[in-house]
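Visitor: Hi! Could you walk me through this one?
Guide: Happy to, here it comes.

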Amino acid sequence: MNVLLVYPITPANFDIFGIQQGIASVSAVLKQDGHDTRLYAHYEYHEDELTAEVEAFRPDLVGFYVTYPQSGLAMRMAAHFHRVHGLPLVLGCVWPTTRGDEAIPRPDLIRIRPGDAEATHRKLV
């Protein structure tokens, strides 16, 4: 299975960047189980780039790493992946774990991963 991992980076004015260990760990576990993963990271919404990622990688599932400052951007990206490409979506990290009430009503989500994602993602995929 091809799993596209999306990391909506916090806005540039937050002056924070770096790969998060959680998303790297999920990728490693999925690869260990024979799946292919790819990372898309950006702090702005670019519909043409999202479409290019889908066309180049052909993901079966899109997983998001979302903290609160990224939630609006993540939801725009998620809507694109679902609306335009019909892809199933999974949200993980701090925002969906602590503010799941904001994410749950979205019909395009198949799962919200609370807590540590390595084991739950392994079961889902």
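Visitor: Are helix 2 and helix 3 parallel, perpendicular or oblique to each other?
Guide: Helix 2 and helix 3 are oblique to each other. Under 35 degrees counts as roughly parallel, over 145 as roughly antiparallel, 65 to 115 as roughly perpendicular, and the rest as oblique. Before we go on, this is a predicted model, where local features need pLDDT of at least 70 and side-chain atom pairs count only at pLDDT 80 or more, while totals for chains, interfaces and linings use all residues. Residues are numbered from 1 along each chain as its sequence is written, and side-chain values use heavy atoms, with hydrogens and water left out.

Visitor: What's the angle, and how far apart are the axes?
Guide: About 55°, with the axes of helix 2 (residues 47–57) and helix 3 (residues 71–85) 11 Å apart. Axes are lines fitted to C-alpha atoms, for helices over the stretch in contact, and angles run from 0 to 180 degrees between N-to-C directions.

Visitor: Which residues make the contact?
Guide: Helix 2 brings Glu47, Leu50, Thr51 and Val54, and helix 3 brings Met77, His80, Phe81, Arg83 and His85. Contact means heavy atoms within 4.5 Å.

Visitor: New topic. How many helices and strands does the protein have?
Guide: Six helices and five strands. These are DSSP runs numbered from the N terminus: helices are H or I with at least four residues, strands E with at least two. In order from the N terminus, the elements go β-α-β-α-β-α-β-α-α-β-α.

Visitor: And what share of the residues counts as buried?
Guide: Of the 125 residues, 46% are buried. Buried is under 20% relative accessible area, exposed over 50%, and partly exposed in between, with a 1.4 Å probe and protein chains only.

Visitor: Now Asn2. Where does Asn2 lie?
Guide: Asn2 belongs to strand 1 (residues 2–8). Asn2 counts as buried because its relative accessibility is 19%.

Visitor: Which residues does Asn2 touch?
Guide: Leaving out residues up to four places away in sequence, Asn2 touches Asp36, Phe57, Arg58, Pro59, Asp60 and Leu61. The Asn2 side chain also reaches the backbone oxygen of Arg58 at 3.4 Å.

Visitor: Is Arg58 buried or exposed?
Guide: Arg58 is exposed, with a relative accessible area of 54%. Arg58 sits in the loop between helix 2 and strand 3 (61–65). The phi of Arg58 is near 55°, a positive value in a residue other than glycine.

Definitions and conventions. Polar contact = N/O pair within 3.5 Å; in protein donor to acceptor, adjacent residues only side chain to side chain.
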